[in-house]
Amino acid sequence: MVIMTVPYMNKEVYMRYYETMVVFKYDLPEKSIDEVASKIEATIKEESGEILKAENWNKKTLSYKIDKDEYGIYRLWHYKSGEDAPDRLDKYFRITDGIIRFQTILMYKKDINLYEGKTEEPESENTAETEET
């Protein structure tokens with residue numbers, strides 16, 4: 001976890017790594033989806049966050065129908081931000097038309113290590129053998 005001082009708030013913020021997946025209605029125009037995506041990215045940056053990866057997965061078949069829709073347009077963001085960003089995004093997703101589903105989770109440690117440039121050291125098998133003798 002990274003601690004960062006936010007200038008406009010004059011307080012320290014714990015930076016965490018999040019992953020947000022949003023599913024849009026498949027019949028929305030690309031322009032509308034891009035506007036929502038830019039609002040999401042702006043919200044993350046307002047919280048002194050940093051977008052690590054943004055992916056457009058395009059149109060995919062849903063596992064089950066949601067509001068009579070069989071398809072959805074998927075977007076994924078990996079980002080580092082303060083604790084308030086997911087709550088603000090959640091509120092925004094709930095009032096925005098055209099969003100079928102959304103989910104924000106904390107990223108796994110192995111995924112965080114990829115962004116921080118760390119590699120996990122594998123446990124040595126020799127240590128178990130030497131303890132037995």
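A definition before the helices: axes here are lines fitted to C-alpha atoms, for helices over the stretch in contact, and angles run from 0 to 180 degrees between N-to-C directions. Keep in mind that this is a predicted model.

So, helix α1, residues 30-46, and helix α2, residues 85-95. Their axes come within 10 Å and cross at roughly 155°. Angles over 145 degrees count as roughly antiparallel, and α1 and α2 are therefore roughly antiparallel to each other. The handedness of the α1 and α2 crossing is right-handed. On the α1 side, the contact is made by Val-36, Lys-39, Ile-40, Thr-43, Ile-44 and Glu-46; on the α2 side, by Arg-88, Leu-89, Tyr-92 and Phe-93. Sorted by class, that contact has six nonpolar residues, one polar and three charged.

Now the side-chain contact. Asp-69 sits in strand β4, residues 69-81, and Lys-25 in strand β2, residues 11-25. Which residue does the side chain of Asp-69 make a polar contact with? The partner is the side chain of Lys-25, at 3.1 Å.

On accessibility, Asp-69 counts as buried because its relative value is 9%, and buried means under 20%. Lys-25, with a relative accessible area of 27%, is partly exposed.

Leaving out residues up to four places away in sequence, Asp-69 touches Lys-25, Tyr-26, Leu-62, Tyr-64 and Ile-100. With neighbours within four places likewise set aside, Lys-25 is in contact with Asp-69, Ile-73, Gly-98 and Ile-100.

How values were computed:
Residues are numbered from 1 along each chain as its sequence is written. This is a predicted model: local features need pLDDT of at least 70, side-chain atom pairs count only at pLDDT 80 or more; totals for chains, interfaces and linings use all residues. Side-chain values use heavy atoms; hydrogens and water are left out. Helices (H or I, at least four residues) and strands (E, at least two) are DSSP runs, numbered from the N terminus. Angles under 35 degrees count as roughly parallel, over 145 as roughly antiparallel, 65 to 115 as roughly perpendicular and the rest as oblique. A crossing is left-handed if the near helix is turned anticlockwise from the far one by less than a right angle, and right-handed if clockwise. Contact means heavy atoms within 4.5 Å. Ala, Val, Leu, Ile, Met, Phe, Trp, Tyr, Cys and Pro count as nonpolar, Asp, Glu, Lys and Arg as charged, and the others, Gly among them, as polar. Buried means under 20% relative accessible area, exposed over 50%, partly exposed in between (1.4 Å probe, protein chains only). A polar contact is a pair of N or O atoms within 3.5 Å; within protein, one must be able to donate a hydrogen and the other to accept it, and residues adjacent in sequence count only if both atoms are side-chain atoms.
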